[in-house]
Every structure is written in C-alpha cells, then in structure tokens.
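This report is a short tour for a reader new to the structure. Please look over the sequence and the model before reading on.

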Amino acid sequence: MPFTDKEIALMREIGLSYDFEHQDALTDDDWNEIVDAVADRLVLRELDENYYPTPDGVICEDILEKVARR
C-alpha cells in the first residue's frame, strides 16, 4: 500500500530520505530503520498526556500499520 503525501512528509521530517515511490527497492534494513524511527517519534513526541496519539501520532500509527502489512 503506498504512503500518502502526509505520511511521506512526516517521514522526511524525521530524517528518512528513502524513495518512497519505489518501495520495492527498499531493503529489510531500510524497512527496519523506518519502523524504528517512526515508532520512536510516536512514543517520544506524538502521544498526549493521556497517551492518545496526536494528529501526527495517528499518521505514525498509519505508517506502522502499512509497514506491518507489506
């Protein structure tokens, strides 16, 4: 499932510079780095005081869901 523009923008903000348009070229190490970076962002910055995801946290969850389904 392709990433949305918002998902790609968030991953770029995190510092991931992969070619998300050609996901078939990503290696297992690339996917692991994506998961690690997005999960860290979610846990460290994108949960509110009640541990509910912020709007960017929802995007992080969506990215992680897509990676899990690949």
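## Helix names

Helices are DSSP runs of H or I with at least four residues, numbered from the N terminus. By that naming, V35 lies in helix α2. The model shown here is predicted.

V35 has a relative accessibility of 28%, so V35 counts as partly exposed. Leaving aside neighbours within four places in sequence, V35 is in contact with L64 and V67. V35 and E65 are 30 residues apart in sequence. Their C-alpha atoms are 9.9 Å apart in space.

## Helix α3

Helix α3 covers residues 55-69. Does its span agree with its residue count, or disagree? At 1.5 Å a residue, its 15 residues should span 21 Å. The end C-alpha atoms are 22 Å apart, which agrees.

Which residues of α3 are buried? They are G57, I59, C60, I63, K66 and V67.

## E7 and K66

E7 is found in helix α1. Its relative accessible area is 4%, so E7 is buried. Beyond neighbours within four places in sequence, E7 is in contact with P2, I59, D62, I63 and K66.

With K66, E7 forms a salt bridge. The closest N and O atoms are 2.7 Å apart. This pair links distant parts of the chain: E7 in helix α1 and K66 in helix α3, 59 residues apart. Are the two partners buried or exposed? E7 is buried, and so is K66.

## Other salt bridges

How many salt bridges are there? The count comes to 5. One of them joins the side chains of R41 and E13, at 2.8 Å from N to O. That pair also links distant parts of the chain, with R41 in helix α2 and E13 in helix α1, 28 residues apart. R41 has 8% relative accessibility, so R41 counts as buried. E13 has a relative accessible area of 52%, so E13 is exposed. E13, R41 and E46 are linked in a network of salt bridges.

R70 forms a salt bridge with D28. Here the closest N and O atoms are 3.5 Å apart. R70 lies in the segment after α3 and D28 in helix α2, so the pair ties together parts that are 42 residues apart in sequence. R70, at 53% relative accessibility, counts as exposed. D28 is exposed too, with a relative accessible area of 54%.

## Aromatic pairs

A search of the whole structure finds 3 aromatic pairs. In one of them, the rings of F3 and F20 have their centres 5.7 Å apart. Their planes lie at 85°, so the pair is edge-to-face. The pair links distant parts of the chain, 17 residues apart: F3 is in the segment before α1, and F20 is in the loop between α1 and α2. F3 and F20 are both buried.

F3 also pairs with W31. The ring centres are 6.3 Å apart and the planes are at 40°, so this pair is tilted. F3 lies in the segment before α1 and W31 in helix α2, so the pair ties together parts that are 28 residues apart in sequence. F3 counts as buried, at 9% relative accessibility. W31 is buried, with a relative accessible area of 5%. Together, F3, Y18, F20 and W31 form one aromatic cluster.

## The nonpolar core

In soluble globular proteins, nonpolar side chains tend to be buried together. The largest nonpolar core of this model has 17 residues. Which of them touch the most other members? They are F3, M11, L16, F20, I34, V38 and I63. The elements that give two or more residues to this core are α1, α2 and α3. The largest share, 5 residues, comes from α2.

M11 shows how these residues meet. Leaving aside neighbours within four places in sequence, M11 is in contact with F3, L16, F20, I34, V38 and I63. Two of these contacts, F3 and F20, also belong to the aromatic cluster. Another, I63, is one of the buried residues of α3.

Note on methods:
Residues are numbered from 1 along each chain as its sequence is written. This is a predicted model: local features need pLDDT of at least 70, side-chain atom pairs count only at pLDDT 80 or more; totals for chains, interfaces and linings use all residues. Side-chain values use heavy atoms; hydrogens and water are left out. The expected span of a helix is 1.5 Å times one less than its number of residues. Buried means under 20% relative accessible area, exposed over 50%, partly exposed in between (1.4 Å probe, protein chains only). Contact means heavy atoms within 4.5 Å. Rings of Phe, Tyr and Trp (its six-membered ring) pair if their centres lie within 6.5 Å; planes under 30 degrees apart count as stacked, over 60 as edge-to-face and the rest as tilted. A nonpolar core is a set of buried Ala, Val, Leu, Ile, Met, Phe, Trp, Tyr and Cys residues joined through side-chain atoms within 4.5 Å. A salt bridge is a side-chain nitrogen of Lys or Arg within 4 Å of a carboxyl oxygen of Asp or Glu.
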